[in-house]
Amino acid sequence: MGSDSAPAIRLAETGDLDGVLAVQEENQPENGGTLSARFSREWFAAAVESGWLIVATVDGRVAGYVAFTPPEAQAHVPIVQAMLRAYPDPGAYLHGPICVARDSRRRGIAVAMFRAQRERMQNAPVMAFIRADNASSRNAHVGMGMREVAEFERDGTRYVVVAA
């Protein structure tokens with residue numbers, strides 16, 4: 001990607017799914033990334049249908065995505081269950097996963113997607129988790145106005161819960 005074109009931030013469409021899945025895959029731990037879960041095409045398709053997925057595109061290609069869902073939409077994910085035990089906030093929606101393609105980082109894409117998400121959700125309470133050793137994500141989320149509110153451990157890995 002690496003283009004100098006400004007990213008377009010918008011609700012995802014069905015035609016974005018291949019790009020979303022490609023960005024997710026390159027950010028899986030086995031590919032050098034730090035994502036903590038892998039979501040299926042069907043899950044992302046349901047998020048698109050529900051209006052719960054925002055994408056950033058650059059030159060027509062998906063450069064990043066952020067999901068934002070009610071907790072029950074991710075209740076099947078064990079790490080989300082662990083987060084909700086550590087910081088139960090029934091009024092908050094879940095922010096994430098959020099992911100930016102490697103060649104599109106440090107361009108403000110994550111912040112722009114987060115702002116669009118917050119606007120869409122009318123600044124309702126929000127929460128997410130981040131691996132404790134992911135300093136760049138922790139710093140980015142604090143920079144977006146979230147604060148670290150709890151910690152938990154799952155399968156020997158420490159996480160922080162952020163909320164706004």
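## The largest pocket

In this predicted model, 39 residues line the largest pocket, with I98, C99, N134, S137 and H141 nearest its centre. A pocket here is an open set of points on a 1 Å grid over the protein atoms alone, where a 1.4 Å probe fits, with protein on both sides within 12 Å along at least five of seven lines; lining residues have an atom within 4 Å of a point.

β4 gives the largest share of that lining, seven residues. Among the elements that supply at least two are α4 (109-120) and α5 (135-143); helices (H or I, at least four residues) and strands (E, at least two) are DSSP runs, numbered from the N terminus.

## One side of α3

## V20 and its partners

Setting aside neighbours within four places in sequence, V20 is in contact (heavy atoms within 4.5 Å) with F44, L53, V55, V62 and Y65.

## Ground rules

Residues are numbered from 1 along each chain as its sequence is written. Local features need pLDDT of at least 70 and side-chain atom pairs 80 or more, while totals for chains, interfaces and linings use all residues, and side-chain values use heavy atoms, leaving out hydrogens and water.
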